[in-house]
Amino acid sequence: MPEWLVERGIGEDRAILLDGETILAARLDWPEGLKTGLIEDARLVSRTAGSPRATARFASGEEALVSRLPRTASEGATIRLKVTRPAVAESGRIKLAHARPTDEPVRPAPTVAESLRADGAEAQIVRRFPVAGWEDVLADAFTRQTAFAGGSLLLSPTPAMTLIDIDGALPPAALASAAVRPIADLLRRLDIGGSIGIDFPTLPAKADRRAVDEALEDALTGWPHERTAMNGFGFVQLVTRLERVSILHRVAQAPTGAAARLLLRRAEALEGAGAILLTAHPAVQARITPEWQDELSRRTGREIRWATDLGLAIEAGHAQLIER
C-alpha cells in the first residue's frame, strides 16, 4: 500500500508517496514566506472604504491580499488572518499570498507531515528515503521536461498557468494517447496546482478527442480538479486548488537555492570516514549559508571543505569524502 515518507533536510522538508519502488507523488517545503495554514494577527495597510479586499502586513513584513473583510475592519487595524495561498513568483513580479479573516487560534503553518496527516494520510518521518528517485523528481523540475515512450513533455511555468507541451514522432492520435498517463504522473510528482494548460497534438476527429478526454479523466481519478474537454486545436485546461508552491515552481523561482539544498542532501548521505569536499558552481556555494554548513557538519560529524567550478551546471554539484 502506498505510504508517505518525509525527510527533514537542511533548509527544506521533502515528502514522497511511495508504492514499492515507485514515487507516485511528492512535496517540497521551504521554511520561508507566508504558507498556507498560518494563522496570525496582521495589520491592514491598504483598503478602499467598503471594499471586501485589502492588503495586510504580517509580522515577518510580508504582505498578503485579504478577502472577505468585514465592513468594520478599517485601514491600520489589526485583524486575525489565515493564509490560504502562498506568494507566487512570476517573471518580473510577485503575486501576493492570499489570506482571509478567522476566529481560529494563532498557530504556525503546518509542516509537510502535519498537512498530510490533516488530510487523513499516514506520514512517516524517515532519515533517508529508501529509493533513489528524489533526484529524478528534481531533474524533471530543473530540465522542465520528462520523456515517455514515444515522446516527451515540455514544461513552462508561465505567469498565467503551467503549460505542458507534448513532443514526439508518433502519429498525432497515438502521441496524445501515449502522453496522458505521463502527464497525470508528472502533475502528482511535481505537485503542480493552480491553472494548467495541456497542448496536445491537434486531433481533427471528434472520436480521437473524446478518447483522449476519457483517458485523461481516468488517469486523473482521485486528483481533485476541474477540466475542459479538448478543443479542436488539442488544448485542455485543468484547474485545481493552489495551496502550495509546486516543486516545478520552487526550482524555477530559486534554482540556486534548490541546487544548494540538493548538494547538502548528497553530502549528508555520504558514508565512510574523512572530510566532506563540496564541489559546486560559485553561485551555489554563495547560496549555502553558514548556518546550513554548520548544520551539515553537525549532522555528519565531519569537516566541510569547498571547491568551485564555473563549468558545472548549478544542479550538478557533488560531494565526496577526502582525507582530513
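**Strand pairing, helix packing and one buried threonine**

Arg8 pairs with Asp13, its bridge partner in strand E2. The model is predicted: local features need pLDDT of at least 70, side-chain atom pairs count only at pLDDT 80 or more, and totals for chains, interfaces and linings use all residues. Residues are numbered from 1 along each chain as its sequence is written, and side-chain values use heavy atoms, with hydrogens and water left out. Helices (H or I, at least four residues) and strands (E, at least two) are DSSP runs, numbered from the N terminus.

- Strand E1 (residues 3-8) runs antiparallel to E2, and six bridges join them. Two strands count as paired if DSSP finds at least two bridges between them.
- E1 and E2 make a hairpin with four residues between them. In its turn, Gly11 has a positive phi of about 80 degrees.
- E2 (residues 13-19) is mostly covered, with six of its seven residues buried. Buried means under 20% relative accessible area, exposed over 50%, and partly exposed in between (1.4 Å probe, protein chains only).
- E2 is also joined to strand E3 (residues 22-29), by seven bridges and in the antiparallel sense.
- Arg14 has Leu28 as its bridge partner in E3.
- The hairpin of E2 and E3 has two residues between the strands. Gly20 takes a positive phi near 65 degrees there.

- Strand E15 (residues 194-199) pairs with strand E17 (residues 235-240) over six bridges, in the antiparallel sense. Gly197 stands opposite Gln237 in E17.

**Helix pairs**

- Two packed helices are described by the angle between their axes and the distance between the axes. Axes are lines fitted to C-alpha atoms, for helices over the stretch in contact, and angles run from 0 to 180 degrees between N-to-C directions.
- H3 and helix H4 (residues 206-219) cross at roughly 20 degrees, and their axes come within 9 Å. H3 is therefore roughly parallel to H4. Angles under 35 degrees count as roughly parallel, over 145 as roughly antiparallel, 65 to 115 as roughly perpendicular and the rest as oblique.
- The crossing of H3 with H4 is right-handed. A crossing is right-handed if the near helix is turned clockwise from the far one by less than a right angle, and left-handed if anticlockwise.
- H3 contributes Ala173, Ala176, Ser177, Val180, Arg181, Ala184 and Arg188 to the contact. H4 contributes Asp208, Val212, Ala215, Leu216, Asp218 and Ala219. Contact means heavy atoms within 4.5 Å.
- Helix H6 (residues 255-268) packs against helix H8 (residues 290-300) at about 15 degrees, with axes 10 Å apart. H6 and H8 are therefore roughly parallel, and their crossing is right-handed.
- Ala260, Arg261, Leu264, Ala267 and Glu268 of H6 meet Trp292, Leu296, Arg299 and Thr300 of H8.

**Thr279**

- Thr279 sits in strand E18 (residues 275-280).
- Thr279 counts as buried because its relative accessibility is 10%.
- Beyond neighbours within four places in sequence, Thr279 contacts Leu263, Ala307, Asp309, Leu312, Gly317 and His318.
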